[in-house]
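Dear colleague,

Please find the structure below, together with its sequence. My notes on what was found in it follow directly after.

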Amino acid sequence: MTAWLTVVGIGEDGYAGLGKAARRALLAAGHIVGAPRQLELLPPCIRATREAWPSPFSLAPVLQRRGTPLCVLASGDPMLFGVGASLARHVEETEMRVLPAPSSCSQAAARLGWPLQDVTVLSVVARPLAALNLHLHDGQRLLILCNDGSSPAAIAAQLCERGFGASRLSVLEHLGGPLERRVDGLAASWNLPEAAALNLLAVECRADAGTQPLPLTCGLPDDAYRHDGQLTKRDVRAVTLARLAPRPGELLWDVGAGCGSIGIEWLRSHPRCRAIAIEANEGRQQMIAHNRDRLGVPQLQLVAGHAPEALSGLEQPDAIFIGGGVTVPGVLEQCWQALKPGGRLVANAVTLQSEAALVAFREQHGGELIRIAVAQAQPLGGFDTWRSALPITLLEVNKP
């Protein structure tokens, strides 16, 4: 199909800052869709009819005119957290032409002298601030596209709460335009309650004295979680995640999720991983909600209910972990039936009865059984001795 949609990136310098191709596209357009602020940047010589995005936001004004030539205005680079990226999920690449302007992130990196390839770019536009917690590491540089003028102060408060009050912040407003401004400070002493609505926040993360940032590897310390004892312990968790083998874009079911540790660490492995935690206990559901935000993966979906009934209607998973309930009739069978071909099922057992269920399942479907025994050195009088945790039987099965 011939391209009927042209997406034009425009900066704070407006029409004057556009290249020839973008100007020609707008001059030739019969219909232009964009945010009111962007439409106001166009000069009178642009004769096209102008339409603002609806509120709440919807792509309908564009998709309803599919096949009819029109232009869409976007801020900076439309493919960087922009409307171009949203349209690309619905429109074939041959239908759309994108003419980007310098992104706010490119301009911010130029102002700060930060090599852009070494920076993590994030967005909190209509996204929870808790997602930032995943990226807090000493020395890490973040460029954050803010939701509004209150975002920098809220992020500064969150950094202090997480032990990163020493972090250096720079708010960059109206980048590339006549109203451009930069405000610098530390998170711990941040005193700008409201920035311009259009802003980007640069963060150079610095951990406070005594703060121990969490590692990137699976097997986080047990005290990183709020739990009531129903927690897959650190060493067993690391082995379990290795067996589940998360890959970008894959979906995990964490059945009998407890405090959510397996699903949370699955999500922490890659930003495109997805997970659903299924948990019946109301108190543990609250722990999952707390832990997922604290550990930077608020996208963890929580399903309240008992398996196997709560599994009905869920999206088909690429991997399943069963941390509890393998003896409940129908749980193993329904999980196996729902699993995608080529998917992995991992289940842990502590009791003889649950181990027997895994042995019987293995006889029918194959797989690998391993026994995990962990012992820690602990004091005994004036000496030390080994204190063994309950051994874990782990079943891993790959579905043909």
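Alanine 126 lies in the loop between strand 6 (120-123) and strand 7 (141-145); helices (H or I, at least four residues) and strands (E, at least two) are DSSP runs, numbered from the N terminus. Its phi is near 55°, a positive value in a residue other than glycine. At 74% relative accessibility, alanine 126 counts as exposed, where buried means under 20% relative accessible area, exposed over 50%, and partly exposed in between (1.4 Å probe, protein chains only). Phenylalanine 81 also has a positive phi, of about 55°, although it is not a glycine. This residue sits in the loop between strand 4 (70-75) and helix 4 (83-88) and, at 41% relative accessibility, is partly exposed.

Please note that this is a predicted model, in which local features need pLDDT of at least 70 and side-chain atom pairs count only at pLDDT 80 or more, while totals for chains, interfaces and linings use all residues. Residues are numbered from 1 along each chain as its sequence is written, and side-chain values use heavy atoms, with hydrogens and water left out.

Two cis peptide bonds may interest you. One runs from serine 55 to proline 56, with omega near 0°, and proline 56 is in the loop between strand 3 (49-52) and helix 3 (60-63). The other joins alanine 307 and proline 308, with omega about 10°; proline 308 belongs to the loop between strand 13 (301-304) and strand 14.

As to aromatic pairs (rings of Phe, Tyr and Trp, the last by its six-membered ring, with centres within 6.5 Å; planes under 30 degrees apart are stacked, over 60 edge-to-face, the rest tilted), the count comes to 2. The rings of tryptophan 53 and phenylalanine 57 have centres 4.9 Å apart and planes at 55°, so this pair is tilted. Tryptophan 53 is buried, at 13% relative accessibility. The rings of tryptophan 336 and phenylalanine 361 have centres 5.6 Å apart and planes at 85°, so that pair is edge-to-face. It links distant parts of the chain, with tryptophan 336 in helix 10 (residues 331-338) and phenylalanine 361 in helix 11 (residues 352-365), 25 residues apart. Both tryptophan 336 and phenylalanine 361 are buried.

Two further buried regions deserve mention. In helix 8 (261-268), 8 of its 8 residues are buried. The cover over these residues includes helix 7, strand 11, strand 12, helix 9 (282-294), strand 14 (319-322) and strand 15. Alanine 108, in helix 5 (residues 104-112), is buried with a relative accessible area of 0%. Leaving aside neighbours within four places in sequence, alanine 108 is in contact (heavy atoms within 4.5 Å) with Leu143, Leu172, Leu175 and Leu200.

For the whole protein, there are 11 helices and 19 strands. Of its 400 residues, 46% count as buried. Residues 24 or more positions apart account for 64% of the contacts with a separation of 6 or more. The C-alpha atoms fill a box of roughly 80 × 55 × 35 Å, taken along the principal axes.

Yours sincerely
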